[in-house]
Amino acid sequence: MRGVVQTLQQDEFLELYDRALPHVYGYLARRCGSAATAEDLTADTFMVAVTAWRREPGRQLDVGWLIGTARHKLIDHWRRNGRQHDALAELWDEMPAPIDPHDQPVEVEAAQTTLAVLAPIHRAVLTLRYCDGLPVGDVAAAVGRTVHATEALLTRAKAAFRSNYDAQRREEA
């Protein structure tokens with residue numbers, strides 16, 4: 001009898017996987033700029049789900065829970081990649097924040113290409129703030145900085161984005 005119950009639970013999980021996979025992968029692919037990274041993070045997300053499912057067999061998992069887990073996996077990925085840039089980031093923190101004179105719409109493909117070349121911490125704060133719509137306080141908590149430091153970081157990240165975006169647009173012209 002136990003084998004039948006376990007099989008039913010596995011079937012439910014597989015149904016969730018089939019239903020949620022495009023959402024989780026799509027969420028990650030739009031934000032990390034690399035299909036391979038998105039695939040790895042998607043796998044990590046579902047491994048967390050499997051662990052949660054095994055710990056609490058009756059636990060209800062859904063697409064929203066998986067997207068939240070994927071967000072945490074993406075933030076962890078950015079943190080790992082950003083550690084090597086921390087020393088440089090500290091130097092940037094001491095510089096006055098440049099003012100972004102541009103407030104124009106951007107093309108989606110060009111914006112994704114531009115995000116892919118930015119430092120991981122810049123990509124993280126811009127994505128969390130402007131793609132996910134998180135308030136600055138939540139972005140600060142996610143990247144482990146104060147609100148003031150995150151505001152300065154966002155200003156520098158926007159300037160780096162605009163500079164790279166404009167350079168890319170000039171090359172295309």
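Which residues are linked with R31 in a network of salt bridges? The network joins R31, R71 and D132. A salt bridge here is a side-chain nitrogen of Lys or Arg within 4 Å of a carboxyl oxygen of Asp or Glu.

## Basis of the model

This is a predicted model, in which local features need pLDDT of at least 70 and side-chain atom pairs count only at pLDDT 80 or more, while totals for chains, interfaces and linings use all residues. Residues are numbered from 1 along each chain as its sequence is written, and side-chain values use heavy atoms, with hydrogens and water left out.

## Overall architecture

The chain contains 8 helices and 0 strands; helices (H or I, at least four residues) and strands (E, at least two) are DSSP runs, numbered from the N terminus. Of its 173 residues, 35% count as buried, where buried means under 20% relative accessible area, exposed over 50%, and partly exposed in between (1.4 Å probe, protein chains only).

Among contacts with a separation of 6 or more, 68% are between residues 24 or more positions apart; a contact means heavy atoms within 4.5 Å. The accessible surface comes to about 10500 Å², and carbon and sulfur atoms hold 54% of that area, as computed by the Shrake-Rupley method with a 1.4 Å probe.

## Salt bridges

The whole structure has 4 salt bridges. In one of them, R31 pairs with D132, with the closest N and O atoms 2.8 Å apart. This pair links distant parts of the chain: R31 lies in helix α1 and D132 in the loop between α6 (120-131) and α7 (136-143), 101 residues apart. R31 is buried, at 12% relative accessible area, and D132 is likewise buried, at 16%.

Another salt bridge joins R79 and D76, with a closest N to O distance of 3.8 Å. These two residues are separated by about one helical turn because they lie 3 residues apart in helix α3 (residues 63-82). R79 is partly exposed at 35%, as is D76 at 31%. In helix α8 (residues 147-172), D166 and R162 stand 4 residues apart, about one turn of the helix. Their closest N and O atoms are 3.7 Å apart in a salt bridge, and R162 is buried at 8% relative accessibility.

## A negative surface patch

D11, E12, E15 and D18 form a negative surface patch. Such a patch joins like charges within 9 Å, using residues with over 30% relative accessible area and no salt bridge. Within this group, D18 belongs to helix α1 (residues 2-32) and is exposed, with a relative accessible area of 57%.

Notes:
Patches are made of residues with over 30% relative accessible area and no salt bridge: like charges are joined within 9 Å, nonpolar side chains (Val, Leu, Ile, Met, Phe, Trp, Tyr) within 5 Å. Lys and Arg count as positive and Asp and Glu as negative; His and the chain ends are not counted. The place of a charge is taken as NZ of Lys, CZ of Arg, CG of Asp or CD of Glu.
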